[in-house]
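I opened a notebook page for this structure and wrote down each thing as I looked it up.

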Protein chains: 2
Amino acid sequence: MDLLQNAITTISPLSAESMDAFHQSWKLWSVKKDHLLLKENTVSDYIYFIEKGVARIYYYKNGKEITEWIALDGQFFLSITSFFQRVPSHLIIQTIEPSEVFGIHHDDFMKLADKYHDIERLLRKMVTSSLILSQVRMDSIQFESAQQRYERLLQTTPQIVQRVPLTYIASFLGITLETLSRIRSQR
Amino acid sequence: MDLLQNAITTISPLSAESMDAFHQSWKLWSVKKDHLLLKENTVSDYIYFIEKGVARIYYYKNGKEITEWIALDGQFFLSITSFFQRVPSHLIIQTIEPSEVFGIHHDDFMKLADKYHDIERLLRKMVTSSLILSQVRMDSIQFESAQQRYERLLQTTPQIVQRVPLTYIASFLGITLETLSRIRSQR
DNA sequence: TTCACTATTTGACAAAAGTCAAGCTTGAAT
DNA sequence: ATTCAAGCTTGACTTTTGTCAAATAGTGAA
């Protein structure tokens, strides 16, 4: 069984029939480092799951790259706004290691959610955990210092520092590279 | 038809049967100003909808009140973490005007979502819009100046300034009362 | 109308993080 | 092995917002 199927079952178990139909709708791509999964100003058709590797989601703001999310293996990722609202995304999704990535197309997912009640429930639970995560992150950005945010990251995902350039990590934490560098030198 | 039923239909239309069962599960309370809908350290059993009035969600952080959300009439509100994860909430929900508030109990909602596929879909869509909103707000907190955030609020919900004390508004915007006061005096 | 709050404004100063500019390090390609 | 570019560090200075303290305005009850 792959990480994906395991992740699905953990969120919300499916009947054998649903799981079969659902699992078949995911495609698997093996891509190189720096492969673009989503180009700027495109409608994002896929929810992705990273089986192996690392991806980052970023965009340009006043000419600068902002890293909005970093997905390590075992995580789902997508352009939330674009995927659900079906509008072009300013986001860019790129692998930053050679990776194996599963993806399911929006229309397939929605058709299955319509057909199978338990897939609709799974989707609801996925969105719910994403919402809870989003709230935690907002709280962190609003109330924690740069230092606290970095330490929280080290607690929750220590591997990230070995695998992802500091520029991306700084931006993901909502601080500058210089500030991150100063924080790191103080320990 | 009340605002609630209208809001539901806008998010995701229900069959007559589902709507009937669903609508009947909402209770309506008429409460005074400063009524507590959720006490600190309690599991939040309800999703609320404010038919008329204003409510605010807040909590204590280092002895200070932090206003996390302000709900004007026509809006749903709840303690997301507590409602979905069934853990006690540090949040307090309080009306700040005499209000009419609908509420549906967690267990009733879940039973209905299990029984009716279209209610599960409605719930999924509610959570999805909440997620999108949460992302927009995070972006605002991370990248907009105090001034920009206040102006955005004036654009989207101008009535709020007439109906809600500035202390709550400042906190909701993630700034201090003093900073808000300075921003307002500059225009 | 006045009192006693509570809400809001203003001022002086402090802290956290950003900006700009320069200098180091390091690892991959020739 | 050498070189060059990307990645990271360090320093000096600026900006935004917060903190603390005090003054002023507003409001409802006696």
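**Ground rules.** I noted that this is a predicted model, in which local features need pLDDT of at least 70 and side-chain atom pairs count only at pLDDT 80 or more, while totals for chains, interfaces and linings use all residues. Residues are numbered from 1 along each chain as its sequence is written, and chains are lettered from A and ligands numbered from 1 in the order in which they are written.

**Sheet in chain B.** I looked up the strand order and found an open sheet of four strands, 1-10-4-7, with antiparallel pairing. Helices (H or I, at least four residues) and strands (E, at least two) are DSSP runs, numbered from the N terminus. Two strands pair if DSSP finds at least two bridges between them. Strand 1 (27-31) and strand 7 (75-77) of chain B are at the edges with a single partner strand each, so one side of each has no neighbour in the sheet. On average, neighbouring strands of this sheet are turned by 30 degrees against each other, direction ignored. Axes here are lines fitted to C-alpha atoms, for helices over the stretch in contact, and angles run from 0 to 180 degrees between N-to-C directions.

I then checked one pair. Strand 1 of chain B joins strand 10 (residues 99-105) of chain B over five bridges, in the antiparallel sense. Leu28(B) is opposite Phe102(B) of strand 10. I also found helix 4 (residues 106-115) of chain B lying across strand 4 (46-52) and strand 10, at about 55 degrees to strand 10 of chain B.

**Sheet in chain A.** In chain A I read an open sheet of four strands in the order 1-10-4-7, with antiparallel pairing. Its edge strands are strand 1 (27-31) and strand 7 (75-77) of chain A, each pairing on one side only. Here I checked strand 4 (residues 46-52) and strand 10 (residues 99-105) of chain A, which pair in the antiparallel sense over six bridges. Across this pair, Tyr46(A) stands opposite His105(A).

**Core.** Which residues have the most contacts inside the largest nonpolar core? They are Tyr48(A) and Tyr48(B), in a core of 83 residues. A nonpolar core is a set of buried Ala, Val, Leu, Ile, Met, Phe, Trp, Tyr and Cys residues joined through C-beta atoms within 7 Å. A residue is buried if 20 or more other C-beta atoms lie within 10 Å of its own, exposed if 12 or fewer, and partly exposed in between, with C-beta atoms placed from the backbone. Leaving out residues up to four places away in sequence, I listed what Tyr48(A) touches, including Leu37(A), Phe76(A), Val101(A) and Phe102(A).

**Chain against chain.** I found 22 residues of chain B in contact with 22 residues of chain A; contact means C-beta atoms, placed from the backbone, within 7 Å. On the chain B side, helix 3 (80-85) and helix 5 (117-143) each give two or more residues. Helix 5 of chain B gives the most, with 17 residues. By class, this side has nine nonpolar, eight polar and five charged residues. Ala, Val, Leu, Ile, Met, Phe, Trp, Tyr, Cys and Pro count as nonpolar, Asp, Glu, Lys and Arg as charged, and the others, Gly among them, as polar.

**DNA.** How many residues surround DNA strand C? I read 16, with Ser145(A), Thr179(A) and Leu166(B) among the closest. A residue is near a strand if its C-beta atom, placed from the backbone, lies within 6 Å of it. Helix 9 of chain B gives the most to this surface, six residues. The surface near DNA strand C divides into five nonpolar, seven polar and four charged residues.

DNA strand D is surrounded by 16 residues, and the closest include Leu166(A), Ser181(A) and Ser145(B). Helix 9 of chain A gives the largest share of that surface, six residues.

**Single residues.** Asn41(B) has a positive phi near 60 degrees and is not a glycine. Asn41(B) is in the loop between strand 2 (36-38) and strand 3 (42-43) of chain B and counts as exposed because it has 11 C-beta neighbours inside 10 Å. Asn62(B), also not a glycine, has a positive phi of about 50 degrees. Asn62(B) is in the loop between strand 5 (54-61) and strand 6 (64-72) of chain B. Gln186(B) is in the segment after helix 9 of chain B, and I noted it as exposed, with 6 other C-beta atoms within 10 Å.

Conventions
Contact = placed C-beta atoms within 7 Å.
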